[in-house]
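Open the model in your viewer and follow along, one selection at a time. Each stop says what to pick and what is there.

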Amino acid sequence: MILDLAAYLAFFLTVALSYAVITLGLNVQWGQTGLFNVGVAGFVAVGAYASALLTTPDAPDRFGGFGLPIIVGWAGAMLAAGLVSLAVGALTMRLRSDYLAIATFGVAVVVQLCALNLQTVTGGPFGIGFIPRPFTSFAGDPLLFSLANLALLALVVLALYLFLERLLSSPWGRVLRAIREDEAAATALGKPALRFRLQAFALGGAIMGLAGAAQAHFIGFIAPDNYLPTLTFQVWAMLIVGGSGNNRGAILGAVVVWALWALSGSVIGSVFPAGWQARAAALQIALIGVGLCAILLWRPRGILGERRIVSRHLVTAPKANPSLVNNTPPEIPHA
Amino acid sequence: MPAAFPSSSDTAPILEARGLVRAFGGLRAVDGMSLVLGRGEMVGLIGPNGAGKTTFFNLLAGSLVPDSGAIMLGNRDIARERPEKRIGAGLGRTFQIPKPFREMTVLENVLTGAQGQSGEGILANFLSPSRVRVEEHRAAERARELLDFVRLSHLTHEPAAVLSGGQRKLLELARVLMADPSVLLLDEPAAGVNPALLELIIDRVRLLNAQGRTVLLIEHNMDMVSRLCERVVVMAEGSLLAEGAPAQVLARKDVAEAYLGQVAA
C-alpha cells in the first residue's frame with residue numbers, strides 16, 4: 001500500500017515536473033519578455049513528435065522510426081521546436097501582443113491538425129506508440145522505475161533552472177525585461193528589440209519541445225489529443241499561479257496546478273457515475289479557472305512574484321537613505 | 001546671420017539635418033526642416049504646439065524615417081539607419097513622457113544603457129563568464145556614479161515605478177548617459193517637474209554641456225531655454241521659422257505671430 005502510494009507520488013511528480021519544463025519555457029517568453037504565446041501546445045507537440053520519429057523503431061506504415069537513442073530524440077525535439085519557434089517568430093514578432101496571441105493560437109491549431117491528418121508521418125489519430133522509455137530494465141519494479149524517471153526529470157528541471165537563472169540575471173535577461181517594460185526606450189538605448197524577442201521566443205519554444213519529448217518518452221505513446229488548447233491553458237495557469245517572471249514560481253506553479261488537476265480528476269472519478277464522467281471532466285478546467293481567479297485576486301504577482309533585484313554581480317546594499325539629496329560617494333563593489 | 005553665432009560656425013557640425021520631410025497622410029508634419037549643431041553647442045528647439053518639433057526630434061532619434069532629406073552625424077548619413085544603431089554612433093535621446101523600466105530597479109534601469117556588453121549575448125554568459133562579470137562590475141561602477149550625478153543614489157535598489165515625474169526625468173538622463181553619447185537630444189526635460197528638481201535638471205544639463213556634450217533641447221519653459229541656450233531655433237508649420245539668440249528671437253514679430261496664430265486659429 002505504502003509502496004503503491006510512493007510509486008504513485010513519484011509518477012505524479014514526474015508528470016508535474018514535465019509540466020514545469022513547459023512552464024519554464026513559457027516563463028522565458030512571457031514572464032521575462034512579455035511575449036503572449038497562446039500556442040504552447042503546438043510547440044510541445046512538435047518536440048514530442050520529433051523525438052518520437054527519431055527514436056521509435058522502423059514502422060512500415062509511416063515515415064521513419066529511426067531507432068536512434070533517446071538522448072538524440074531529446075536534442076532533436078529541442079532543435080525542431082526551436083526552429084519552428086524561430087520561423088513562427090520571424091513572421092510574428094513584429095505583431096502587437098494581442099495579435100501575437102491570435103497568431104500563435106493559430107499555429108498550435110495547425111500543428112494539431114497536421115498531427116491528426118498527416119497519417120504517414122504522425123500516425124494520424126492513432127498517434128505513435130512504442131516510443132522507447134528510459135530505464136526499461138527497471139520496468140519489473142514499478143517503484144524503482146518511477147523513481148528513476150522522477151530522478152531523470154528532476155535532473156532536467158534542475159539543470160534547466162540553473163541555466164535559466166543564470167540567463168535571467170545576466171545582461172541578456174536584463175535587456176529582455178527592459179523590452180518587456182518599454183520597447184521604445186530599450187530601442188533608444190541601442191537594444192535591437194526584434195532580435196532579443198526572437199531569441200527569447202526560440203529559446204522558450206525549444207524548452208517546450210524538450211518537455212514534449214520528455215513526456216512522450218515517459219508515457220511511451222503520443223496522440224494528437226494530447227496537444228489540445230487545454231494544455232496551453234494549464235501551462236498558463238501554472239505560470240500565473242506560481243509567479244510570472246520567477247523560475248522557482250514556474251516550477252512551484254506547475255506542481256500546485258497539476259496537483260489540483262490530478263486531485264480533482266480522481267474526485268470526479270469517484271463521485272460521478274460512469275456515464276457522467278466525460279462531461280464532469282469539464283469541471284476540472286472550471287476548477288483551475290476558479291483557482292486562477294483566486295490567485296489573481298489575492299496574489300496578483302503569483303505565489304512567488306518576480307524578484308525585484310535580479311541582476312547578478314550587483315552587491316545588494318538596499319539601505320534606503322531617507323534624505324533626498326545624497327552626496328556621499330556610493331560604495332562600489334569590487335570584482 | 002551666422003556670424004552672430006560663432007559657436008555654430010566656428011566648429012565643424014556634429015549633427016546636421018538637411019531638408020527633412022515627413023508626412024502623415026496629407027499633413028506634412030516636418031516640411032523641409034534643416035538644422036546645424038556645432039560640436040559642443042547647446043541649442044533650444046522651440047515652437048508652437050503642432051509645429052512639428054517632436055516629429056523632427058523623432059526623425060533625428062530614428063523612431064521615424066524621413067520621406068526625404070538627410071541627417072549627417074559627423075560624415076555619415078544616418079537618416080535611414082535603425083533607431084537602435086544611433087546611440088552606438090553617439091546620439092542619445094530622452095522622451096517627453098519618461099519611459100522608465102518600471103519593474104526594474106533604478107540601478108538596473110541605468111545599467112541597461114550600457115553599450116557593447118558581451119553579456120547581452122546568450123552564449124557569452126556561459127563561454128566567457130569572467131569577461132561578462134568584469135564588464136558588469138565596470139558598468140555598475142559607472143551607473144552608481146551617474147546615479148550620484150543625478151542624485152538618485154538613495155533610490156538605487158528601488159523599482160523605478162516608485163519614482164516621481166521629475167525623478168523619472170533624471171533617471172532617464174542617467175540611463176542615456178550610461179551610453180556616453182556625444183550628442184544629447186532632450187525632449188522637454190523640464191515638463192511637469194517641481195521647481196527644486198527643475199534647478200537640479202538645469203544644473204546637470206549645463207554641466208553635461210560644459211563637459212563637451214552637444215545638446216539639443218525641446219522645451220516650452222522659455223526661462224530655462226534662455227538660461228541654458230545661446231541659440232534657439234524656432235519651428236513653425238514643419239520648417240525653420242527663425243534662429244538666433246533667445247532674446248532676439250523671442251522679440252521677433254513673426255515668432256510672436258506663429259505662437260499667437262495658433263491661438264487665433
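**Stop 1: a helix with a buried face**

Select A:Leu100, A:Thr104, A:Val107, A:Ala108, A:Val111, A:Gln112 and A:Ala115: these residues of H4 in chain A are buried. Buried means that 20 or more other C-beta atoms lie within 10 Å of a residue's own; exposed means 12 or fewer, and partly exposed is in between, with C-beta atoms placed from the backbone. Look down the axis of H4(A): the buried residues fall within an arc of 130°, so they line one face of the helix. That arc is taken over the directions from the helix axis to the C-beta atoms. An α-helix has 3.6 residues a turn, so residues three or four places apart point the same way.

Now pick A:Asp98, A:Tyr99 and A:Leu113. They are exposed, on the other side of H4(A).

Show the whole of H4(A), residues 97-117. The helix has 21 residues and reaches 30 Å from its first C-alpha to its last, close to the 30 Å expected at 1.5 Å a residue. The expected span is 1.5 Å times one less than the number of residues.

What covers the buried residues of H4(A)? The cover includes four helices of chain A: H2 (40-55), H3 (70-92), H5 (119-122) and H10 (229-242).

A word on the model before moving on. It is predicted: local features need pLDDT of at least 70, side-chain atom pairs count only at pLDDT 80 or more, and totals for chains, interfaces and linings use all residues. Residues are numbered from 1 along each chain as its sequence is written, while chains are lettered from A and ligands numbered from 1 in the order in which they are written.

**Stop 2: A:Leu24**

Go to helix H1 (residues 2-32) of chain A and select A:Leu24. Why does A:Leu24 count as buried? Because it has 26 C-beta neighbours inside 10 Å.

Two residues are in contact if their C-beta atoms, placed from the backbone, lie within 7 Å.

**Stop 3: all of chain A**

Zoom out. Chain A has 13 helices and zero strands. Helices (H or I, at least four residues) and strands (E, at least two) are DSSP runs, numbered from the N terminus. The radius of gyration of chain A is 22 Å, close to the 20 Å that the globule rule gives for 335 residues, so the chain is as compact as a globular protein of that length. This radius is taken over C-alpha atoms, and the rule is 2.2 Å times the number of residues to the power 0.38.

Along its principal axes the C-alpha trace of chain A spans about 75 × 45 × 40 Å. Buried residues make up 48% of its 335 residues. Among contacts between residues at least 6 apart in sequence, 77% join residues at least 24 apart.

**Stop 4: an enclosed strand in chain B**

Switch to chain B, which has eleven helices and ten strands. Select strand S3, residues 42-46 of chain B. Five of its five residues are buried, so S3(B) is largely enclosed by the rest of the structure. B:Met42, B:Gly44 and B:Ile46 lie on one side, B:Val43 and B:Leu45 on the other.

Next, show two partners:

- Strand S8 (residues 214-218) of chain B runs parallel to S3(B), joined by four bridges. Here B:Gly44 stands opposite B:Leu217.
- Strand S9 (residues 231-236) of chain B also runs parallel to S3(B), with four bridges. Here B:Ile46 stands opposite B:Val234.

**Stop 5: an open sheet**

Stay in chain B. Four strands form an open sheet in the order S2-S1-S4-S5, with antiparallel pairing. Strands pair if DSSP finds at least two bridges between them. The edge strands are S2 (27-38) and S5 (76-77) of chain B, each pairing on one side only. Two bridges join S4 (residues 68-73) of chain B to S5(B). Find B:Leu73 opposite B:Arg76.

**Last stop: confidence**

Color chain B by pLDDT, the predictor's confidence in each residue, from 0 to 100. The mean for chain B is 89, and 94% of its residues reach 70 or more. Then select residues 1-9 of chain B, where pLDDT stays under 50. The model scores ipTM 0.89 and pTM 0.88.
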